[in-house]
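Dear colleague,

Please find below the structure that I am passing on to you.

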Amino acid sequence: MSSLRAPAVEANADGLVGPTHSFAGLAPGNLASEINKGDPSNPRSAVLEGLSKMRLMAGLGLPQFVLPPHERPDVGFLRGIGFGGTDHQVIEAAARQAPELLNTACSASPMWAANAATVTPSADAADGRVHFTPANLLTNLHRSLEGEQTTRSLRALFPDERRFAVHDPLPAQPHFADEGAANHARLCADHGVPGVNLFVWGRDAYEPWTGRFPARQTKQAFEAVARRHGAGGAVFARQARAAIEAGVFHNDVVCVGARTCLFFHETAFEDAVAVQADIRAAARSFEPQFVQIDAADLPLGEAIKSYLFNSMLVSLPGDDRLTLIAPMETAETPRAAAAVERAIASNGPIGRVEYVDVRQSMRNGGGPACLRLRVVLTDDELAATNPAQRFDATLHERLTAWAERHYRDRLLPADLADPHLLDESRAALDALTGILGLGGGFYPSQR
Ligand code: SUG
C-alpha cells in the first residue's frame, strides 16, 4: 500500500524575524530569555541571520518558504486592555502605566515557526489532506497573541482547501494549552509513506501541576490535535518533569526526529524505554533508529546551553544519511561538539553537521529548529502553495534589501516606548505584504 503513495519532500517554512525583536525576558522557564533580559538586541542582524539559514536550506535542495512577521506592537491587544486614543497615544500610555504589557505587545515571538502549528502530512491523515492546527500558545501572554494571525498566515501559504485543512487553534483554555510542532516529531521510512507521529506532552490537565516552571503542552491538547487531523501512527509520550524544571520548555530543546531516526537526550522523556517500545510498535514499515546521548557524556545543562538537540535534522536529496543543522553554540560547547562527532563517526543515521549562526534568536531561546515549521508535501501539494512565499535567490535579495531599509540595528526594551517604532514596523510590513503576495487586509492596520 505504501508504495502507491506519491513521493513527498519535507519543506521548511521559517518565521521572518520582525522589526521589534527585543530581549524583554518574557518567557519564564526559558533560561536564555531570562538571562538576556534587558540587553540591547539587533533586529536587523536577527532577520539577516534567519535569511542566511533559509538560503542554506534552499541551497541544500529543500523547498523553503517564508512566514511573515506579525504586526507589532499589537495595538489591538493594548486597546482591548483599556489603552485608548490614537495609536501613538496607546503606545505612550502603555509605556508609562504598564511597560511590561507594552513589551508583551511588541514581542517578535512569531519568528519561532516551530510553535506556529502542528502539522500532519497527507500520508498520515485520514482524509488525505495536509492538516494544520495553529498553536494557541496560551501559557505565555506574549505568545497567546499569535494564534489568529498565524491561522491567517497558514491559510495564505496553503490556500487550497481540497489539499490543505488549516484548522482554528484549539479552545483557548489551559486544558488545551498547545505549543505546536515544537513538541512533535515524525518518523517514517520515506516522507511520502505513513509514519509515526510522536506527540510529547508536559502536563495532564486532570492532574495538578506544581512545577517551578510551566509545563506548556497538555496531553489533552495533543489528543485533540491527533483526533481532528485523523493522524495515524500516533504515539503519546510524557516529557520528563525534571527536564522542564531544568529549563526544557519545549521538547525540541532535547529531542529531534527525522526519517527513521530519533536523536534525544537521556533525560528527555519520563520513560524513555516505553517511548522507544511504543515507537517500534507503531512503526510498521521501518525499523526506528534511536540515537540517545547520555547525561554522563553531555549533562542536561550543557545540552540546553549548546542547543544541540534544537538542530534541524534533515534528509538531503541523494544522501542516505541525515544532516544536522546545528547552532554555532553547539560547536562552541566542547562536550556537545564531541557528541556530534561521535554520532557521525558511529556510522549511524546522522552523517554530517553544518553549523549556522542564529545568535540573535538563540539569545531568546530559539535555535535553528525553533525558527522553522516542517511541512511534508507531495509535488501536487507543493504546486498548490503561494509561490510568492517560496524562498529563492531573488526573494533572498529582495528581503535583504527590505530588511536593510526598514530594520534598526539596536533596540533596548525602553525603545519599545518610541511611537516611531510603530510607524517603522507598519511601513516594513506594508512593503512586505506586496513582496510576499499576501493580499489586502493581511495585517490589522491594513483593514
Ligand atoms: O516561547 N522565546 C520563545 C522561544 C521559542 C523557541 N521555540 C522552540 N523551542 N521551538 C519561547 O519561550 C522569549 C521572548 C522574550 O523574552 O522576549 C520567547 O518567547
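The notes below begin with the ligand site and then turn to the salt bridges and the backbone. Please bear in mind throughout that this is a predicted model.

Ligand site

The ligand sits in the largest cavity. There are 20 residues around the ligand, and those that come nearest are Leu-26, His-142, Arg-216, Asp-252 and Cys-370. Sorted by class, this shell comprises 8 nonpolar, 9 polar and 3 charged residues.

In Arg-216, a side-chain N or O atom is 2.8 Å from an oxygen atom of the ligand. For Ser-33, the distance from a side-chain N or O atom to an oxygen atom of the ligand is 2.9 Å. Asp-252 faces a nitrogen atom of the ligand instead, with a polar side-chain atom at 2.7 Å. The ligand would expose 490 Å² if taken alone, and the protein buries 99% of that area.

Salt bridges

Side chains of opposite charge can pair when their charged atoms come close. The structure holds 27 salt bridges. One of them joins Arg-426 to Glu-71, with 3.4 Å between the closest N and O atoms. This pair links distant parts of the chain, its two residues being 355 residues apart. Arg-426 belongs to helix 16 (residues 419-435), whereas Glu-71 is in the loop between strand 2 (64-67) and helix 3 (75-80).

Backbone

The loop between strand 2 and helix 3 also contains Pro-73. The peptide bond leading from Arg-72 to Pro-73 is cis, and its omega is near -5°.

A further point concerns Arg-259, in the loop between strand 9 (255-258) and strand 10 (261-265). Its phi is near 45°, which is a positive value in a residue other than glycine.

With kind regards

Conventions:
Residues numbered from 1 in each chain as written. Predicted model: local features only at pLDDT ≥ 70, side-chain atom pairs only at ≥ 80, totals over all residues. Heavy atoms only, no water. Near = heavy atom within 4 Å. Polar contact = N/O pair within 3.5 Å; in protein donor to acceptor, adjacent residues only side chain to side chain. Areas by Shrake-Rupley, 256 points an atom, 1.4 Å probe, with all protein chains shown as cover. 1 Å grid on protein atoms, 1.4 Å probe; cavity = no way out; pocket = protein on both sides within 12 Å on 5 of 7 lines; lining within 4 Å. Sits in = over half its atoms within 2 Å of the grid points. Nonpolar A, V, L, I, M, F, W, Y, C, P; charged D, E, K, R; others polar. Salt bridge = Lys/Arg side-chain N within 4 Å of Asp/Glu carboxyl O. Helix = DSSP H or I, 4+ residues; strand = E, 2+ residues; numbered from the N terminus.
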